[in-house]
Amino acid sequence: MTYDNSRSAEGPRPAPGADVPGRDPLPLLGRTALVTGASRRRGIGYAVARRLAAYGAGVYLHHHVPHDAGQPWGADPGGPDAVADGVREVAVPGAVVAHGPADLARPDAPARLLDTAAEALGGRLDILVANHALSGSDGSLDAIDAAMLDAHWAVDARSVILLAQAYARRRPAGLPGGRIVMMTSGQDLGGGMPEEIAYGLAKGALASATRSLATTFADLGVTVNTVNPGPVDTGYAVGELRERVAGCFPGGQWGAPDDPARLIAWLATDEAAWITGQVINSEGGFRR
């Protein structure tokens, strides 16, 4: 006996895909976003900001130039203005693209940054992408000390939770399009991060907090997810390290900043409204 599922009590069923709307080329039009750690044109934050702007969002870029200036890769040669100009290149007419500094190691800085960003974007903030992190000042279990642990905790974990708290206090219940995306580093996969204990600990705290925050924000209609971008070529890896890590990817090629940026921008759209409380690994098949 053959069952004909082309008809039901309500009449003929639509063909597969017939009720699927066409994809909106500007799915974030009218929405606003704060992207932290968007201080270098080679970085993930910059790529995320460009994706969000290209989707129609107004964007506020946070930067802390002294941090980059103290790293081997250095600050962006054009400074924050050049970074913002690169985002404006793809923004829709009339969308705000603004930027400003903040040292998120300071306990009061996250709330002030979020308020500043929201005001610059017209008083409303829909999307928070917490991309910033402290680099360096870390080591193995034998090398770390209390100062290293405290520094990474303050920047990599505490500031993100305080940003989320400030976001919650400004967010009206029921307003559509609320999104928080945090960043982690795969510290719970494979062999962990034994040479970066302080960093791995702080980033692991965000992964652990993802579901709790998602539950907390559910009544506001805000999704909360965390992305692990895997090794991404942002200009820090050279020489033997670059070759060794490249060999762990199928095809021998590092991830590019736009690889995680595509995922993060999609999570900010309505298409991802049913995804929350997840830690998503976007690593291109990276083998540990």
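Predicted model: local features only at pLDDT ≥ 70, side-chain atom pairs only at ≥ 80, totals over all residues.
Seven strands, written 7 in the count, form an open sheet. Their order is β5-β4-β3-β6-β7-β8-β9, and the pairing is parallel. Strands β5 (97–101) and β9 (279–281) stand at the edges. Each has a single partner strand, so one side of each is left without a neighbour in the sheet. From one strand to the next, the twist averages 20 degrees.

Within this sheet, β3 (residues 32–35) and β6 (residues 127–130) run parallel and are joined by 3 bridges. Val35 stands opposite Val129 in β6. Helix α6 (residues 197–217) lies across β7 (178–183), β8 (222–228) and β9. Its direction is about 165 degrees to that of β8.

Aromatic side chains were examined next. A search of the whole structure finds 4 aromatic pairs. In one of them, the ring centres of Phe249 and Phe286 are 5.0 Å apart. Their planes are at 50 degrees, so the pair is tilted. Phe249 lies in the loop between α7 (239–246) and α8 (258–267), whereas Phe286 lies in the segment after β9. The pair therefore ties together parts that are 37 residues apart in sequence. Both Phe249 and Phe286 are buried. Elsewhere, Trp73, Tyr236 and Trp254 form one aromatic cluster.

Charged side chains were then considered. The structure holds 19 salt bridges. One of them joins Arg31 to Asp270, with the closest N and O atoms 2.8 Å apart. Arg31 lies in the loop between β2 (11–12) and β3, and Asp270 in the loop between α8 and β9. This pair therefore ties together parts that are 239 residues apart in sequence. Arg31 counts as buried because its relative accessibility is 12%. Asp270 is partly exposed, with a relative accessible area of 46%.

A salt bridge also links two helices. The side chains of Arg170 and Asp115 meet at 3.2 Å, N to O. Arg170 lies in helix α5 (residues 146–170) and Asp115 in helix α4 (residues 109–120), so parts 55 residues apart in sequence are tied together. Arg170 is partly exposed, at 31% relative accessible area. Asp115 is partly exposed too, at 34%.

In a further salt bridge, the closest N and O atoms of Glu283 and Arg288 are 2.7 Å apart. Glu283 counts as buried at 11% relative accessibility, while Arg288 counts as partly exposed at 47%. Finally, salt bridges with shared partners join Arg51, Asp258, Asp259 and Arg262 into one network.

Definitions and conventions: Residues numbered from 1 in each chain as written. Heavy atoms only, no water. Pairing = 2+ DSSP bridges. Helix = DSSP H or I, 4+ residues; strand = E, 2+ residues; numbered from the N terminus. Axes fitted to C-alpha atoms, helices over the stretch in contact; angles between N-to-C directions. Contact = heavy atoms within 4.5 Å. Phe/Tyr/Trp six-rings, centres within 6.5 Å; stacked < 30°, edge-to-face > 60°. Buried < 20%, exposed > 50% of the residue type's maximum accessible area, 1.4 Å probe, protein only. Salt bridge = Lys/Arg side-chain N within 4 Å of Asp/Glu carboxyl O.
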